[in-house]
2 protein chains.
Amino acid sequence: MQYKYMKMGVTKTESYTEKQIRLAGIAKALGHPARMAILDHLVKVNACICSDIVEELPLAQPTVSQHLRELKQAGLIRGTVEGNAVCYCIDAQVLAEFLGHLGTWQDRIQTASETCCK
Amino acid sequence: MQYKYMKMGVTKTESYTEKQIRLAGIAKALGHPARMAILDHLVKVNACICSDIVEELPLAQPTVSQHLRELKQAGLIRGTVEGNAVCYCIDAQVLAEFLGHLGTWQDRIQTASETCCK
DNA sequence: ATAAATCATCGTAATATTGCAATATAAATA
DNA sequence: TATTTATATTGCAATATTACGATGATTTAT
């Protein structure tokens, strides 16, 4: 059987730049309150193990582990094993690339705020 | 019938701060290549109408309209009606709040890069 | 060796997201 | 008025995400 429609529920990626796809992946990883809270906490303590995070969040340990994996896959955090715990830290370079791109938006918008949508 | 489990597939929001929820919403809106491309394009041309965007993307018009609505709901863009077209623009203040928060992460990480995950 | 602690993985249930055709709406134009 | 242009809405199919219990793997402590 042949489908009339394209595959649905799936993001089309063939016409975006690599950078757009990568940065969108980073934004997507940031796009959940739990992951925002995890990063807030990592910044706050400057180093962290998972059980520490589990206590901070209203989520079960497997769910936190899953969120950490997504942050890791997006490149936002790295995890290093230390004994029977894992130390998770933010990757400053990845964060910098993300903020750098959005920063250029900000620069260009401010100079144009008069000419747009008045 | 009573469920043993909590509602699944739904984000728990009752234990996060308002700011975490709001910023995660903004990040989520940014978390799709099409929406990243839309914003890149808006920045590039400094003002835009939707049909312009439709031509830039590999998506049908209703899909673009839907993405624009999500950016709007997150507060990242505003749309003003101009005749039979709509002028969409980035909201500089919302972008600034988002970048401001992530910027504080960056500040704190850089000073701590020696003490974490070595 | 056994138990406890820490974290990951698997399976699964429920909701959310993505995309498009069809259609609706509203303004501009012929 | 009728048609074109620009955008939004609805309905639906398919995949993705979120969450948790159960379980596995590994390290530390007893």
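**Entry 1: a strand pair in chain B.** I started with strand E2 (residues 77–82) of chain B, which pairs with E3(B) in the antiparallel sense over six bridges. I note for myself that this is a predicted model. Then I looked at the link between the strands. E2(B) and E3(B) make a hairpin, with two residues between them. In that turn I found B:Gly83, and its phi is positive, at about 65°.

**Entry 2: the other partner of E3(B).** Which strand does E3 (residues 85–90) of chain B also meet through two bridges? I traced these bridges to strand E1 (residues 48–49) of chain B, and the two strands run antiparallel. Here I noted B:Cys48, whose bridge partner in E3(B) is B:Tyr88. So I have E3(B) joined to E1(B) by two bridges and to E2(B) by six, going by the rule that two strands pair if there are at least two bridges between them.

**Entry 3: helix H2(B).** I checked the length of this helix next. H2(B) has 13 residues, and at 1.5 Å a residue it should span 18 Å; I got 18 Å between its end C-alpha atoms, so the two agree. Which residues of H2(B) are buried? My list reads B:Pro33, B:Ala34, B:Arg35, B:Met36, B:Ala37, B:Ile38, B:Leu39, B:Leu42 and B:Val43. After H2(B) comes B:Asn46, and I jotted down its positive phi, near 65°.

**Entry 4: where chain B touches chain A.** How many residues of chain B are in contact with chain A? I have 46 residues of chain B in contact with 46 residues of chain A. On the chain B side, at least two residues each come from helix H1 (18–30), helix H2 (33–45), E2, E3 and helix H5 (92–112). H5(B) gives the most, with twelve residues. I also sorted this side of chain B by class: 27 residues are nonpolar, 13 are polar and six are charged.

**Entry 5: a look at chain A.** I turned to chain A and found five helices and three strands. From the N terminus on, I read its elements as α-α-β-α-α-β-β-α. How much of chain A is buried? Of its 118 residues, 30% count as buried.

Note on methods. Residues numbered from 1 in each chain as written. Chains lettered and ligands numbered in written order. Predicted model: local features only at pLDDT ≥ 70, side-chain atom pairs only at ≥ 80, totals over all residues. Helix = DSSP H or I, 4+ residues; strand = E, 2+ residues; numbered from the N terminus. Contact = placed C-beta atoms within 7 Å. Nonpolar A, V, L, I, M, F, W, Y, C, P; charged D, E, K, R; others polar. Expected span 1.5 Å × (residues − 1). Buried ≥ 20, exposed ≤ 12 C-beta atoms within 10 Å, placed from the backbone.
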